[in-house]
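This briefing is meant for a reader who is meeting the structure for the first time.

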Amino acid sequence: MKRIPWIFIAIIIIATSARLRLISILPPLNGSDELKHVITAKFIAENGLITPPETPVYFNDGMSTLIPPHTSYNNVPYANTVYTKVPVLYHVILSGVFRLLSTTSMSFMDIARQLRLFQTIIGIIGVTCYYFLSKKVLKNTNDVYLATYIYATIPLLLLLDATVNWDSALAAVGTLSAL
């Protein structure tokens, strides 16, 4: 069995610590559309449905959203909207985590923080997949490490991984499918 290179382990440690640091700095539910992803996971967890029945659909941010009866959370407009045109599997997986966490005495905000940790795990899976993909594509070992490090520390990717956002899941699945 081959040993895992220490440089790769160092990259994973750096990537994980950077994401965890961002989670600790960023207030919960302040990602660009983080609240919508959490509300969607909550809706699926509580109702067992992908979309609510007979709810009006309209476009308020370029995506098809469903508007429940109340449409604000802490005075954030459209905070209680539910995504319907975003990858369903991502929200179903998030809803499972949400359902598991909601059996505890955690508040909604605490659950949102824990979903960020889950998102960080997805981001690190993406970095790991990218490493293995780079090993297949690049011939020079140093290039593999450099490419993986750059991918792992891209500021936008770090920010997305530190919030509940489906882009990181898409990156991980896309990289896995390329393997």
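The model is a predicted one. Its largest pocket is lined by 14 residues, a search of the whole structure finds three salt bridges, and six aromatic pairs are present.

**The largest pocket**

- The largest pocket holds about 310 Å³ of space, and among the 14 residues that line this pocket, Leu89, Tyr90, Ile93, Ala169 and Val173 lie nearest its centre.
- Three helices, α3 (88-102), α4 (108-137) and α7 (166-178), each supply at least two residues of the lining, and α7 gives the most, with six residues.
- Sorted by class, the lining of the largest pocket consists of 14 nonpolar residues, with no polar and no charged residues.

**Aromatic pairs**

- The structure holds six aromatic pairs, and in one of them the rings of phenylalanine 8 and tyrosine 131 have their centres 4.0 Å apart and their planes at 25°, so this pair is stacked, the angle being under 30 degrees.
- Phenylalanine 8 belongs to helix α1 (residues 6-25) and tyrosine 131 to helix α4, so the pair ties together parts that are 123 residues apart in sequence.
- Both phenylalanine 8 and tyrosine 131 are buried.
- Another stacked aromatic pair is formed by tyrosine 130 and tyrosine 151, with 4.1 Å from centre to centre and 5° between the planes.
- Because tyrosine 130 lies in helix α4 and tyrosine 151 in helix α5 (residues 141-152), this pair ties together parts that are 21 residues apart in sequence.
- Tyrosine 130 has a relative accessibility of 23% and therefore counts as partly exposed, whereas tyrosine 151, at 13% relative accessibility, counts as buried.
- One aromatic cluster is formed by Phe8, Tyr131, Phe132 and Tyr145.

**Salt bridges**

- Side chains of opposite charge can pair when their charged atoms come close, and a search of the whole structure finds three salt bridges.
- In one of the salt bridges, arginine 19 pairs with aspartate 161, and the closest N and O atoms are 2.6 Å apart.
- Arginine 19 lies in helix α1 and aspartate 161 in helix α6, so the pair ties together parts of the chain that are 142 residues apart in sequence.
- Arginine 19 and aspartate 161 are both buried.
- Another salt bridge joins the side chains of lysine 42 and glutamate 46, at 3.1 Å from N to O.
- Lysine 42 and glutamate 46 both sit in helix α2 (residues 34-47), where they are four residues apart, about one turn of the helix.
- Lysine 42 has a relative accessible area of 26% and is therefore partly exposed.
- The side chains of aspartate 110 and arginine 113 also meet in a salt bridge, at 2.9 Å from N to O.
- Because aspartate 110 and arginine 113 are three residues apart in helix α4, about one helical turn separates them.
- Aspartate 110 is partly exposed, with a relative accessible area of 31%, and arginine 113 is likewise partly exposed, with a relative accessible area of 38%.

**The loop between α6 and α7**

- Alanine 162 lies in the loop between α6 and α7, and with a relative accessible area of 0% this residue is buried, since buried means under 20%.
- The C-alpha atoms of alanine 162 and serine 24 are separated by 9.0 Å, although the two residues are 138 residues apart along the chain.
- When neighbours within four places in sequence are left aside, alanine 162 is in contact with Arg19, Leu22, Ile23, Leu26 and Arg116.
- Threonine 163 also has its place in the loop between α6 (155-161) and α7, and at 5% relative accessibility threonine 163 counts as buried.
- With neighbours within four places in sequence again left aside, threonine 163 is in contact with Leu26, Gly31, Glu34, Arg116 and Gln119.

How values were computed: Residues numbered from 1 in each chain as written. Predicted model: local features only at pLDDT ≥ 70, side-chain atom pairs only at ≥ 80, totals over all residues. Heavy atoms only, no water. 1 Å grid on protein atoms, 1.4 Å probe; cavity = no way out; pocket = protein on both sides within 12 Å on 5 of 7 lines; lining within 4 Å. Points joined across faces, edges and corners; volume = space filled by probe spheres on them. Nonpolar A, V, L, I, M, F, W, Y, C, P; charged D, E, K, R; others polar. Buried < 20%, exposed > 50% of the residue type's maximum accessible area, 1.4 Å probe, protein only. Contact = heavy atoms within 4.5 Å. Phe/Tyr/Trp six-rings, centres within 6.5 Å; stacked < 30°, edge-to-face > 60°. Salt bridge = Lys/Arg side-chain N within 4 Å of Asp/Glu carboxyl O.
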